[in-house]
Amino acid sequence: MNALGAVDLGLALLVLAIAGWTIAAREAFAAIVGYVAYGLLLSIVWARLFAVDVAMTEAAIGGGVTGVLLISAAARLRQAQTAEDERPTLPLRLMAAALSALAAIALGAVILSLPEPGPSLAPLAAKNLAATGVGNPITAVLIAFRSFDTLLEKVVLLLAIIGVWSLAPDRYWGGAPIAPRAARPVGALTFLAQLVAPIGVVVGVHMVWVGADEPGGAFQGGAILAAMWMIVMMARLSEAPPVGAPWLRAALVAGPAVFLIAGASGAVTSGAFFALPQAFAKPLILIIEAFMTLSIAVTLPMLVAGPPRRAPL
Amino acid sequence: MTEFLLAAAGLILFTVAVGLARVLRGPGDADRLMAAQLLGTGGVAALLIVAAATGARGLEDVALGLALLAAFASVAFVNSGAPPERDDAPEAASK
Amino acid sequence: MSGALDLFSIAAISVGGFFFLAGTVGLLRFPDPLCRLHALTKVDNLGLGFIVLGLIARSDGVFGALKLVAIWALVQLAGATSAQLIARAIRRKEQIGAKSAGGSPAA
Amino acid sequence: MITAATLSGLTGAILVGLGLYGLIADPRPLRKILAFNILGSGVFLVFGIIARRGAAAGFPADPVPQAMVITGIVVAFAASALAIAILLRLVSETGRASLRPDTPGAAQTPGD
């Protein structure tokens with residue numbers, strides 16, 4: 001076994017150990033720190049699978065944004081009266097363990113018996129890549145080849161936002177959520193936010209821009225931008241907007257709306273829903289990506305901020 | 001040289017992984033967080049080294065993303081230590 | 001020439017790796033949270049610093065080198081800030097602990 | 001000889017098992033959400049090795065499964081955020097973080 005193989009094996013064991021800890025830990029916070037570390041490790045695993053685009057997404061969402069969501073949720077839950085639910089009885093837990101082991105073994109057996117060489121859509125993607133004008137095949141898949149999936153995924157994000165907001169008590173409807181933030185402004189945190197946020201915005205936009213040809217894209221860049229808005233709110237440099245704010249609503253739907261318009265116009269100009277006219281394929285993809293980035297950057301922090309918790313003004 | 005770099009990346013990852021024992025042992029939440037912080041730095045280092053060794057494109061950008069978000073968990077943790085905000089706190093509603 | 005550069009890379013990365021080791025040992029062995037925090041910051045500064053130094057020697061072009069330095073600077077910034085914030089949180093907790101005397105001190 | 005891709009796939013399979021166990025056996029709602037996320041990431045990893053095994057045409061991995069995993073990660077996050085919002089609302093209504101329907105605490109009048 002060479003050095004790289006040893007690294008891979010160590011990494012896999014590490015991921016499993018920390019996942020096991022996250023499941024088994026007694027305290028909520030210990031489990032959540034475990035999960036944050038797990039997200040970090042996973043992004044390294046993805047990098048090792050040559051899925052750099054996925055690694056970026058996992059690093060931004062799994063490690064960063066989800067960590068804030070979980071830690072602040074745990075803090076609010078700590079306040080709740082924690083009458084421990086008794087754990088299921090031992091036989092029940094053994095049955096659960098047996099079932100889980102069975103699922104894992106079945107999945108493992110399937111993986112070991114996968115056909116060799118594996119089926120692949122890569123040649124097809126490579127053949128049609130030139131038609132889209134972009135160089136990053138993943139961006140081409142997301143925005144052009146399987147645009148319907150991506151559009152529906154954006155709609156799912158919108159549904160999640162609607163679901164979260166609909167949990168607000170009546171008297172707060174139209175008011176603003178309270179994003180996770182410091183109890184009062186702290187010098188060091190203000191400093192960090194003021195310094196990191198502008199850099200992060202540049203990095204986020206850079207990721208979207210190079211995403212046309214190199215690893216990167218709307219999801220990765222949007223997640224970084226979302227994180228930057230979150231850190232600004234955490235440092236109390238800005239506040240979560242009221243959920244009724246027209247600009248917020250516009251930003252949330254901008255991505256799917258532009259995507260849908262592009263798709264519908266394809267039905268008129270190119271004869272098929274979502275068929276992008278080849279001459280304009282690249283600029284169209286970039287425009288769709290830009291609006292998607294905006295929507296993602298606004299949706300993720302609003303999901304973390306939760307339902308409105310203040311009466312509208 | 002490549003072998004050396006990969007071995008170095010592996011060793012660093014292994015080292016910080018041993019540090020994760022602090023997540024298990026605690027005793028305080030701050031200690032657990034420190035271990036995660038150490039893992040973040042070690043992950044950045046390992047990614048950069050592997051990027052240099054294998055020449056894979058874009059790995060530096062993953063490291064860049066990790067570096068940008070390195071303080072996130074700590075900030076959220078410190079914020080969550082404060083007493084929770086009540087809904088509709090008067091000072092918050094004024095803005 | 002390339003041999004000398006390689007040697008420099010190996011030396012710098014080894015030194016960086018040593019600081020990672022030292023930081024981990026500190027995190028595991030130091031007696032109280034503030035000391036452990038101290039160990040942690042050394043890793044951010046020197047550990048990653050030396051590794052970046054060693055990789056710069058192998059980086060192709062100025063842009064790649066600048067990116068490496070930028071990553072190091074960002075980790076520094078994040079490390080320094082979170083060390084501040086965590087230390088503050090530890091102190092606050094200690095003060096609360098001192099007030100409600102009788103509670104056994106952690107660690 | 002097990003390749004790196006197969007190794008990651010087996011890791012994913014075990015993660016699915018771990019997550020499934022936590023989801024069933026842990027009564028605490030927040031921990032169920034964590035377990036569900038681990039289960040999900042295991043599925044993503046299995047998808048990831050299918051991408052890696054599909055390396056062809058000069059690409060190190062098949063882009064189609066990768067793109068689906070990227071959207072999947074974002075959707076999983078959205079689902080977690082929604083679940084946590086529901087959980088926090090449940091706590092503010094009943095004062096307890098419990099999924100049991102007829103616990104004594106659930107009879108309390110909803111907190112204001």
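UniProt positions are given in the numbering used here, and annotations may be inferred rather than shown by experiment. The exercises below concern a predicted model.

**Exercise 1. State which residues of chain B the UniProt annotation "transmembrane region" covers, and describe the span 35-55.**

Solution. 
Step 1. The annotation, from an unreviewed UniProt entry, covers residues 35-55 and 62-82 of chain B.
Step 2. In the model, residues 35-55 of chain B are 95% helix and 0% strand.
Step 3. The end C-alpha atoms of residues 35-55 of chain B are 29 Å apart.

**Exercise 2. Determine how helix H3 of chain B and H1(C) are oriented to each other, and list the residues that make their contact.**

Solution. 
Step 1. Helix H3 of chain B spans residues 29-54. Its angle with H1(C) is about 170°, and the two axes are 11 Å apart.
Step 2. Angles over 145 degrees count as roughly antiparallel. H3(B) and H1(C) are therefore roughly antiparallel to each other.
Step 3. On H3(B), the contact is made by B:Met34, B:Ala35, B:Leu38 and B:Gly42. On H1(C), the residues are C:Phe20, C:Gly23, C:Thr24 and C:Leu27.
Step 4. Sorted by class, this contact has 5 nonpolar and 3 polar residues, and no charged residues.

**Exercise 3. Describe the side of chain C that touches chain B, by helix and by residue class.**

Solution. 
Step 1. The contact between these chains takes 39 residues from chain C and 38 residues from chain B.
Step 2. Three helices of chain C each supply at least two residues of this side: H1 (2-29), H2 (33-56) and H3 (61-99).
Step 3. H3(C) gives the largest share, 15 residues.
Step 4. The side of chain C that touches chain B has 25 nonpolar, 7 polar and 7 charged residues.

**Exercise 4. Describe the side of chain D that touches chain A: which helices supply residues, and how do the residues divide by class?**

Solution. 
Step 1. In this contact, 72 residues of chain D meet 77 residues of chain A.
Step 2. Helices H1 (4-25), H2 (29-53) and H3 (63-94) of chain D each supply at least two residues of this side.
Step 3. The largest share, 23 residues, comes from H3(D).
Step 4. The residues on the side of chain D divide into 48 nonpolar, 16 polar and 8 charged.

**Exercise 5. Locate the feature "domain: MrpA C-terminal/MbhD" and describe its secondary structure.**

Solution. 
Step 1. An unreviewed UniProt entry places this feature at residues 13-78 of chain A.
Step 2. Over residues 13-78, chain A is 91% helix and 0% strand.
Step 3. The end C-alpha atoms of residues 13-78 of chain A are 32 Å apart.

Notes: Residues numbered from 1 in each chain as written. Chains lettered and ligands numbered in written order. Predicted model: local features only at pLDDT ≥ 70, side-chain atom pairs only at ≥ 80, totals over all residues. Helix = DSSP H or I, 4+ residues; strand = E, 2+ residues; numbered from the N terminus. Contact = placed C-beta atoms within 7 Å. Nonpolar A, V, L, I, M, F, W, Y, C, P; charged D, E, K, R; others polar. Axes fitted to C-alpha atoms, helices over the stretch in contact; angles between N-to-C directions. Parallel < 35°, antiparallel > 145°, perpendicular 65-115°, else oblique.
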